[in-house]
Amino acid sequence: MGRLATMLGAGATDTFLGIPACSLDDLAGVDIVVIGAPCATPYASVGPYSKDAPAAIRASSATYSTTRHHHNFDLDGPTIPDGVVVADAGDLEWDVADGAGNRARIMGACSAVLAAGAVPIVLGGDDSIPIPVIAAYQGTGPVHVVQIDAHIDWRDEVQGERMGLSSPMRRSSEMEHVGRIVQVGRRGVGSARTADADAAAAYGVAFFGAHGVHRSGVGPVLAEVPAGGDVFITIDVDGLDPTTMPGVVGPEPGGLTYWQAVEIIDGIAERSRIVGFDIVEFVPELDVNGLGALTAFRLAAHAIGRIARQR
């Protein structure tokens, strides 16, 4: 906690933005639920390198814990409007050696939130997190997926693992309830092979490279989002430029700006219904002056603000 927190009268808090804590067993009256998911299915070679991200994001939000009812100029009103209840269910238990159990707990938590008529906001964790999160929407489709990421995540398996961080969009494409997939921010070189890009194209993914977004803006991206549909937004923070988001394992120049990400969230909120949001791949020990944690917190808070206004 720094001087700004002192000036704002903020103190340490265990919840996101100082919102009330809640139990997944009792979500009556809650509209939006924050869930921490430190780990789903890590590769054996790298381990759960984003496990500390939920705690770091919450810690960054603590500076602003007394400002929930202040005027947020990015939302033209308080971050959380009166009449909308947002609560934090804390971090889910996880075991580095039990990917199946981790996925079941994440899917179960999100299913409980959806069953209560609320919207899940998931703080990851590495980029295998979206697989069980999106799976939780089974029976409610079609759910359209908009992903911001430097990588396309269409590997069928890596190191024998089919549920890892290189595969969430391929696994999502195999879910019957998933409709349109729009992927934004791809650039440089990652784990994808040409066959993976071909498989994504065959599915019908609407791809927008980061360079194209810089040239043409987010309008073409939003035009591919089904109007009036249910949309899940997933942000792998390496989709942002590392000058904005330094805390990633694979920094790649030329990513989206903070404002481009915000414009995508805003544009989706204007034309569709946001039914969930996750933010993944932040690595606190690689952060610079807390900038990455602040950016992740602000994007999650902005998404909450937009979802709250749709409620």
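These legends describe close-up views of helix packing and nonpolar cores in a predicted model. Local features need pLDDT of at least 70 and side-chain atom pairs count only at pLDDT 80 or more, while totals for chains, interfaces and linings use all residues. Residues are numbered from 1 along each chain as its sequence is written, and side-chain values use heavy atoms, with hydrogens and water left out.

**View A. Helix 9 against helix 10.** Helix 9 spans residues 258-271 and helix 10 spans residues 291-310. Helices are DSSP runs (H or I, at least four residues), numbered from the N terminus. The two axes come within 10 Å and cross at roughly 15 degrees. Axes are lines fitted to C-alpha atoms over the stretch in contact, with angles from 0 to 180 degrees between N-to-C directions. Helix 9 is therefore roughly parallel to helix 10 (angles under 35 degrees). The crossing is right-handed (the near helix is turned clockwise from the far one by less than a right angle).

**View B. Residues between helices 9 and 10.** Helix 9 makes the contact through Y258, A261, V262, I265, D266 and A269. Helix 10 supplies T295, R298, L299, H302, A303, R306 and Q310. Contact means heavy atoms within 4.5 Å. By class, the contact has 7 nonpolar, 3 polar and 3 charged residues. Ala, Val, Leu, Ile, Met, Phe, Trp, Tyr, Cys and Pro count as nonpolar; Asp, Glu, Lys and Arg as charged; the others, Gly among them, as polar.

**View C. Helix 2 across helix 10.** Helix 2 covers residues 53-62. Its axis comes within 8 Å of that of helix 10, and the two cross at roughly 80 degrees. Helix 2 is therefore roughly perpendicular to helix 10 (65 to 115 degrees). A56, I57, S60 and S61 in helix 2 meet A293, L294, A296 and F297 in helix 10. This contact has 6 nonpolar, 2 polar and no charged residues.

View D. S60 is buried, at a relative accessible area of 15% (buried means under 20%, with a 1.4 Å probe and protein chains only). Beyond neighbours within four places in sequence, S60 contacts A293, L294 and F297.

**View E. The nonpolar cores.** A nonpolar core is a set of buried Ala, Val, Leu, Ile, Met, Phe, Trp, Tyr and Cys residues joined through side-chain atoms within 4.5 Å. The largest has 55 residues. F16, V184, I268, F277, I279 and L299 have the most contacts inside it. Helix 10 gives the most to this core, with 10 residues. Another core, of 37 residues, lies apart from it and includes A87, A109, A118 and F232.

**View F. Around I268.** I268 touches V146, L222, V225, V231, I233 and I274, not counting residues up to four places away in sequence.

Methods
Angles under 35 degrees count as roughly parallel, over 145 as roughly antiparallel, 65 to 115 as roughly perpendicular and the rest as oblique. Buried means under 20% relative accessible area, exposed over 50%, partly exposed in between (1.4 Å probe, protein chains only).
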